[in-house]
Amino acid sequence: MDTNRTLTLVPPVRLEGYGVRLREWSEADLADLVALYDDPEMARWTPVASPFDLDAARAYLAGAREGRAEGRKIQLAVTTDGGLPRGEVLLFRSGADEQDVELAYGVGPAHRRQGLAGRAVRLAAEHTVREIRPRRVVLRIDAANVASEAVARACAFELTDEPPVRRVSRGREVVLRTWRLRP
């Protein structure tokens with residue numbers, strides 16, 4: 001492997017498996033983005049704007065398109081049928097090591113406890129390993145986020161002994177533990 005390469009993330013039009021379909025966001029999804037992200041739990045665990053209104057949704061979609069065009073990230077709506085977004089899975093180059101691909105995910109309040117996050121993460125991780133071939137696929141999760149850690153374990157990720165990653169989210173420091181996909 002060329003250790004100097006930078007991963008370029010080229011989005012798939014659609015990924016399908018495990019009873020979910022992942023697709024790109026569209027302008028028609030703006031109201032659904034608000035329904036998913038204007039939620040106290042999303043505000044607690046993700047760096048999205050809070051409150052999350054239509055203006056925030058438009059900015060979010062613009063940022064997703066810009067990141068995709070630059071090959072830095074892929075943001076896909078989690079659906080069961082290709083229609084109604086129930087959550088999101090993101091793939092992006094890790095800030096810690098650009099040879100790693102980091103995944104992040106969230107499911108809207110009306111769609112939780114249905115296994116959607118786990119199925120979407122499993123599908124996105126398999127695609128990442130097969131098509132992008134990073135050094136590693138990682139998750140960065142706040143230790144207090146018990147639900148996300150359960151998803152990580154269910155999707156064959158293991159907690160590493162790496163020092164926590166510190167990020168600033170909406171003006172506060174967040175300390176995240178690193179999970180890696182088991183080989």
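Start by selecting Leu22, Leu103, Tyr105, Leu139 and Phe157: these residues have the most contacts inside the largest nonpolar core, which has 28 residues. Keep in mind as you look around that this is a predicted model.

**The main core**

Now colour the elements that build this core. Strands β2 (20–24), β3 (73–79), β4 (87–93), β5 (100–107) and β6 (136–142), together with helices α4 (116–132) and α5 (146–154), each supply at least two of its residues. Helix α4 gives the largest share, with 8 residues.

Next, zoom in on Phe157. Setting aside its neighbours within four places in sequence, Phe157 is in contact with Leu103, Val121, Ala125, Val137, Val138, Leu139, Ala152, Trp179, Arg180, Leu181 and Arg182. Apart from this core lies another one of 16 residues, and you can find it by selecting Val34, Phe52, Leu61 and Phe92, which are among its members.

**A threonine in α4**

Go back to helix α4 and pick Thr128, which lies in it. Is Thr128 buried or exposed? Its relative accessible area is 0%, so Thr128 is buried. Beyond its neighbours within four places in sequence, Thr128 is in contact with Leu91, Val101, Leu103, Arg133, Pro134 and Val137.

**Salt bridges**

How many salt bridges does the structure hold? There are 18. Side chains of opposite charge can pair when their charged atoms come close. Here are some to visit.

- Select Arg21 and Glu16, whose side chains meet in a salt bridge (3.2 Å, N to O). Arg21 is partly exposed at 26% relative accessible area, and Glu16 is partly exposed too, at 46%.
- Move to helix α3 (residues 54–69), where Asp55 and Arg58 lie 3 residues apart, about one turn of the helix. Their side chains meet in a salt bridge (3.1 Å, N to O). Asp55 counts as exposed at 55% relative accessibility, while Arg58 counts as partly exposed at 43%.
- Then show Arg177 and Glu149, joined by a salt bridge (2.7 Å, N to O). This pair links distant parts of the chain, with Arg177 in strand β9 (residues 172–181) and Glu149 in helix α5, 28 residues apart. Arg177 is partly exposed, with a relative accessible area of 28%, whereas Glu149 is buried, at 7%.

**Aromatic rings**

A search of the whole structure finds 3 aromatic pairs. Select Tyr37 and Phe52 to see a tilted one, at 5.4 Å centre to centre and 45° between the planes. Tyr37 is in helix α1 (residues 30–37) and Phe52 is in the loop between α2 (40–45) and α3, 15 residues apart. At 4% relative accessibility, Tyr37 counts as buried, and Phe52 is buried at 2%.

Because Tyr37 lies in helix α1 and Tyr60 in helix α3, the pair ties together parts that are 23 residues apart in sequence. Tyr60 counts as buried, at 17% relative accessibility. Tyr37, Phe52 and Tyr60 form one aromatic cluster.

**Last stop**

Select Tyr18 and Arg122. The charged end of Arg122 sits over the ring of Tyr18, 5.6 Å from its centre.

Notes: Residues numbered from 1 in each chain as written. Predicted model: local features only at pLDDT ≥ 70, side-chain atom pairs only at ≥ 80, totals over all residues. Heavy atoms only, no water. Core = buried A, V, L, I, M, F, W, Y, C linked by side-chain atoms within 4.5 Å. Buried < 20%, exposed > 50% of the residue type's maximum accessible area, 1.4 Å probe, protein only. Helix = DSSP H or I, 4+ residues; strand = E, 2+ residues; numbered from the N terminus. Contact = heavy atoms within 4.5 Å. Salt bridge = Lys/Arg side-chain N within 4 Å of Asp/Glu carboxyl O. Phe/Tyr/Trp six-rings, centres within 6.5 Å; stacked < 30°, edge-to-face > 60°. Lys NZ or Arg CZ within 6 Å of the ring centre and 35° of its normal.
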